[in-house]
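Let's walk through this model together, starting from the whole chain and ending with single residues. Please keep the viewer open as you read.

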Amino acid sequence: MVETALSVVMTLILNVTGIVLVVLGRRMAQRKLPPSSWAGVRYEIALRSEENWYTMQARCAVATVGLGMVFIDSALLFVIQAALHEIISILIPLVIMLIQTAAGIAFLHVQARRCAAELT
């Protein structure tokens, strides 16, 4: 019962987070995300000028959308686990989610570093 409740909570959190990241990534790609202190890739080089900001956001948009899709995919794993809680341990979607999240964040970081190197 506790595993099923945890799976439902994780599904909700991951879906909301994934949707927010997809929407954010789309705004980044369209160059509609203004410089802010709470959203976007905020490397020092990106904060030096508006042109740098929009270039950095546009180059990292695909990785941001991809990270959002990873969260939505992970939410689906928790739905499957909740439906098959007698067969699948909660640890399986947790481990897969952590691996996917680490890979997504690493990809986003690499994209940002490449862009920052080009902007200097």
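**From the whole chain to single residues**

In the protein chain, residues 24 or more positions apart account for 65% of the contacts with a separation of 6 or more, where contact means heavy atoms within 4.5 Å. Keep in mind that this is a predicted model, in which local features need pLDDT of at least 70, side-chain atom pairs count only at pLDDT 80 or more, and totals for chains, interfaces and linings use all residues. Residues are numbered from 1 along each chain as its sequence is written, and side-chain values use heavy atoms, with hydrogens and water left out.

Now for the overall layout. The secondary structure comes to four helices and zero strands, and along the sequence the pattern reads α-α-α-α. Helices (H or I, at least four residues) and strands (E, at least two) are DSSP runs, numbered from the N terminus. The C-alpha trace of the protein chain spans about 55 × 20 × 20 Å along its principal axes. Of the 120 residues in the chain, 37% are buried; buried means under 20% relative accessible area, exposed over 50%, and partly exposed in between, with a 1.4 Å probe and protein chains only.

How do the helices pack? Two packed helices are described by the angle between their axes and the distance between the axes. Here axes are lines fitted to C-alpha atoms, for helices over the stretch in contact, and angles run from 0 to 180 degrees between N-to-C directions. Take helix 1 (residues 2-29) and helix 3 (residues 50-83): they pack at an angle of about 160°, with their axes 7 Å apart. That angle makes helix 1 roughly antiparallel to helix 3; angles under 35 degrees count as roughly parallel, over 145 as roughly antiparallel, 65 to 115 as roughly perpendicular and the rest as oblique. The crossing of helix 1 and helix 3 is left-handed, meaning that the near helix is turned anticlockwise from the far one by less than a right angle, whereas clockwise would be right-handed. The residues of this contact between helix 1 and helix 3 divide into 19 nonpolar, twelve polar and two charged. In this scheme Ala, Val, Leu, Ile, Met, Phe, Trp, Tyr, Cys and Pro count as nonpolar, Asp, Glu, Lys and Arg as charged, and the others, Gly among them, as polar.

Helix 3 also packs against helix 4 (residues 91-119), at an angle of about 175° and with the axes 9 Å apart. That makes helix 3 roughly antiparallel to helix 4. The contact of helix 3 with helix 4 is made up of 19 nonpolar, nine polar and three charged residues.

Next, look inside. A nonpolar core is a set of buried Ala, Val, Leu, Ile, Met, Phe, Trp, Tyr and Cys residues joined through side-chain atoms within 4.5 Å. The largest one has 26 residues, of which Leu-14, Met-28, Val-41, Met-56 and Cys-60 touch the most other members. Helix 1, helix 2 (44-47), helix 3 and helix 4 each supply at least two residues of this core, and the largest share, ten residues, comes from helix 3.

Which residues does Ser-74 contact beyond its neighbours within four places in sequence? They are Leu-14, Met-97 and Gln-100. Ser-74 lies in helix 3 and is buried, with a relative accessible area of 0%. Thr-101, placed in helix 4, counts as buried at 15% relative accessibility. Leaving aside neighbours within four places, Thr-101 is in contact with Leu-67, Val-70 and Phe-71.

On helix 1, Asn-15 is partly exposed, with a relative accessible area of 27%. Asn-15 touches Ile-72 and Ala-75, not counting residues up to four places away in sequence. Leu-12, also in helix 1, counts as exposed at 56% relative accessibility. The C-alpha atoms of Leu-12 and Phe-78, 66 residues apart along the chain, are separated by 9.6 Å.

Finally, visit the loop between helix 1 and helix 2, where Arg-31 lies. Most residues other than glycine have a negative phi. Phi of Arg-31, however, is near 60°, a positive value. At 44% relative accessibility, Arg-31 counts as partly exposed.
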